[in-house]
Amino acid sequence: MTDPLLSVENLQTYFFTEDGVVQAVDGISFDVMPGELVGLVGESGAGKSVASTSILRLVEDPGRIVGGRVEFKGETLFEIETDDEGTPVENEDATPVETDESLSQQEMRRRIRGREIAIIFQDPMESLNPVYTVGGQLREFIEINRDLGKSAAKTAAIDMLREVGIPEAPARYSDYPHQFSGGMRQRVLIAMALACEPSLIIADEPTTALDVTVEGQILDLVADLQEKYGTAFVWVTHDMGVVAEICDRVNVMYLGEMVEQADVDDLFYDTKHPYTEALLESIPRPDRTVEELNPIAGVMPEAIDPPRGCRFHTRCPDAREACTRIDPDCRVVEDGYSPHRAACIKYDAFGNVGYDASPPLDNETRSGVDVTLTGDGGHQGGDDDE
Amino acid sequence: MGLVRYTTSRVLQAIPVLLGVVTITFVLANAIPGDPVQIMLGPSPSQTQIEAIRARYGLNEPLWVRYVNYVAALLTGDLGQSIYYDVPVTQKILERLPATLLLMLSSYTFAILTAIPLGVISAKRRNKLTDHVSRIVSLIGVSTPSFWIGLMMILIFAFHTNLLPSTNLVMPWADPAGIRGAETRLDVLVMAGQHLLLPMVSLGTLQMAAITRIERSEMLDVLTEEYVKLARAYGVAEQTILRKHAFRNAQLPVITIIGLQLSSAIGGAVLTEVVFEINGMGRLIVDSIARQDYPLIMGTTIVFAFVFVVGVIVTDLSYAYVDPRVSYGEAE
Ligand code: SF4
């Protein structure tokens, strides 16, 4: 088996706000193989975006990576020092200490950002600078990340604009972002990512702001280009439909934790985690009417004060008393096409922790959450950035 | 293409504005009670004298005829005859305007050159010592009247320590032969610089403070934009982000503020000229009001309005230059 391109281990990113510590990402692990398209799925607020900015070490104040390790092409991007028991070591200012192998911010900037790992943001309207031409912005990033001169970078930029399906690319090169439609701007951002020739592109909900037709076109485009360039993708989304369409493997996050990891077919046809099941139930499908949609009950709790035990127990239809006590990690529950992991104590992999013996939870005993019907969670629980 | 069309349209739009200013000035000047002829001739003049003067200044025509005549003359650059000085108003204004323009330009230059770096540094070192100092200084700056700053500086630098001159502004283009203590062009320039220093700072402080504040808050704002995050994610150096990706966008509201400051700068120039005894437009307008010299009042007002309108056009054009969306008429 080949080595993973990117390997995230036990990543923890917390936000130290005035109201308390938000455990936005709390110990997630996942791998990305070279050339693979991996989904990172969850509702808004699950910590997907924070996870992706953490990989590039671009977490903004008051956020901080407090634990874990990220390896890329066998090199440690960063690792938080741990003591013998695995607890992160902190210095006098209560700041976690990075190991010596960790790259400095300078090295991250010079060698990793853009050059090795590029990112596509969610909002194509906000991601381009309104006062510079589209071509100029593209050219600048190419110059920095491919060590090309001005004119070579310009040629590369125009080629890439053509490649992502922008008509009359040489003329559009000198246009400003406001002269492009949303879909066209997203193509520009994809061109930006690809033009830097990275090995990995993190796409953070890149089609959420687009309408369905345009979304479809963009997904087709990405699938084609991915095949052509062999770039690996981490596709961050809340949309299981998108996952089904393009991903090879899927990681499902809930409230800062990884709840299920599987090959895309295993995930859809042999769903293990009750949360994933609920997510799948909530996708609109042609064979079901809107009334038959089954949205996930309850609002996602705040990551500032996550439920004890299994974080999903406040909304889980299968929750039992034992779930309020035990916080399951994500472990292999079945082999599948690739190891199928789930964080749910109803599986044998967790041993006999008392799930079968304990009584089911009724609504009253779930810790103080309004149980209401909601959609994909996009309307509550705040942004991923929080 | 967009920029040329935009410029033309902005200039054309200024014409009705100026005409409006001329009309209002004319009406106001004629609505003020008091008879300039009486002031000129002193107590109990003879009826013939009065008639002669009225005829000479065209005051015996009906109001609308005088208005039409005035506008027509204005188009040829003729602003009438000053009653008090008995010279053409245009000549008097041309004599005084350079000093005022010099004062305003230098104080603006001072304000912009200090405020923009200060604001940017403040934003970059947010909540550090430099930021606190610059914020306190600018808060004091916006809340202190310019004439008070001027008087204090005169007290400190001219009266007590004699470091800098506070009166008799030397114009940098003056003939060295006519200036006492100056032999070469360089001497004149140095003297002009010394003379300008205090008035420039006293008039420019308000602008500087206002611009610093807006520059800081705009930079902070822009630094949280998605495109700045994107640039960071593509490995652009923090310096370049500050200088290129964030700076230009942050200047839009700054330009607006600079433009808006023009009216307070004009007001401030009047006070500054009085305080520093500069023979500029400001003192001219004050004196002409005291003497009820109507043609001169109207002339100076119109010229100030003209300066203001030109300033606004320059503001709009720089706005369009910085933000391509403006000239395409699609500003969001
Ligand atoms: S551990 Fe319990 S609460 Fe958590 S997902 Fe499994 S059954 Fe549901």
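**Reading the model, feature by feature**

Reply: Start with a sheet in chain A: 8 strands form an open sheet in the order S6-S7-S8-S3-S9-S10-S12-S11, with mixed pairing. Keep in mind that this is a predicted model.

Me: Which strands stand at the edges of that sheet?

Reply: To find an edge, count partner strands. Strand S6 (117-120) and strand S11 (331-334) of chain A each have a single partner strand, so one side of each has no neighbour in the sheet. From one strand to the next, the twist averages 25°.

Me: How do S6(A) and strand S7 of chain A pair, parallel or antiparallel?

Reply: Check the sense of the pair, then its bridges. S6(A) pairs with strand S7 (residues 200-204) of chain A in the parallel sense, over 4 bridges. For one contact to look up, take A:Ile119, whose bridge partner in S7(A) is A:Ile202.

Me: What is the strand order in the open sheet of 4 strands?

Reply: The order is S2-S1-S4-S5 in chain A, and the pairing is antiparallel. S2 and strand S5 (75-79) of chain A stand at the edges; each has a single partner strand, so one side of each is left without a neighbour in the sheet. Here neighbouring strands are turned by 10° against each other on average, direction ignored.

Me: How many bridges join strand S1 to strand S2 of chain A?

Reply: Read the link and the pairing together. Strand S1 (residues 6-17) and strand S2 (residues 20-32) of chain A run antiparallel and are joined by 9 bridges. A hairpin of 2 residues leads from S1(A) to S2(A). A:Leu11 has its bridge partner, A:Ile28, in S2(A).

Me: How many bridges link S4 of chain A with S5(A)?

Reply: Strand S4 (residues 63-72) of chain A pairs with S5(A) over 4 bridges, in the antiparallel sense. At one of the paired positions, A:Arg69 has A:Glu79 in S5(A) as its bridge partner.

Me: Now the backbone. What are most peptide bonds, cis or trans?

Reply: Most peptide bonds are trans, and most residues other than glycine have a negative phi. Look for the exceptions. The peptide bond from A:Asp61 to A:Pro62 is cis, with omega near 0°. A:Pro62 lies in the loop between helix H1 (48-55) and S4 of chain A.

Me: And what is phi of A:Leu255, positive or negative?

Reply: A:Leu255 has a positive phi, near 50°, though the residue is not glycine. Look for A:Leu255 in the loop between strand S9 (249-254) and strand S10 (257-263) of chain A.

Me: Next, the cavities. How many of 30 Å³ or more does the structure hold?

Reply: There are 3 cavities of 30 Å³ or more. Take volume first, then lining. The largest cavity has about 80 Å³ of space. Its lining is made of 13 residues; nearest the centre are A:Pro274, A:Cys310, A:Cys316, A:Cys323 and A:Cys344. By class, that lining has 10 nonpolar, 2 polar and 1 charged residues.

Me: Where does the ligand sit?

Reply: The ligand sits in the largest cavity. Residues around the ligand include A:His273, A:His313, A:Asp318, A:Ala319, A:Ile345 and A:Tyr355. By class, the shell has 8 nonpolar, 2 polar and 1 charged residues.

Me: What is the volume of the second largest cavity, and which residues line it?

Reply: The second largest cavity has a volume of about 60 Å³. Among the residues that line this cavity are A:Tyr254, A:Glu257, A:Arg311, A:Phe312 and A:Asp327. The lining divides into 6 nonpolar, 1 polar and 3 charged residues.

Technical notes: Residues are numbered from 1 along each chain as its sequence is written. Chains are lettered from A and ligands numbered from 1 in the order in which they are written. This is a predicted model: local features need pLDDT of at least 70, side-chain atom pairs count only at pLDDT 80 or more; totals for chains, interfaces and linings use all residues. Side-chain values use heavy atoms; hydrogens and water are left out. A residue is near a molecule or strand if one of its heavy atoms lies within 4 Å of it. On a 1 Å grid over the protein atoms alone, a cavity is a set of points where a 1.4 Å probe fits but cannot get out, and a pocket is an open set with protein on both sides within 12 Å along at least five of seven lines; lining residues have an atom within 4 Å of a point. A molecule sits in a cavity or pocket if more than half of its atoms lie within 2 Å of its grid points. Ala, Val, Leu, Ile, Met, Phe, Trp, Tyr, Cys and Pro count as nonpolar, Asp, Glu, Lys and Arg as charged, and the others, Gly among them, as polar. Two strands pair if DSSP finds at least two bridges between them. Grid points are joined across faces, edges and corners, and a volume is the space filled by probe spheres set on the points. Axes are lines fitted to C-alpha atoms, for helices over the stretch in contact, and angles run from 0 to 180 degrees between N-to-C directions.
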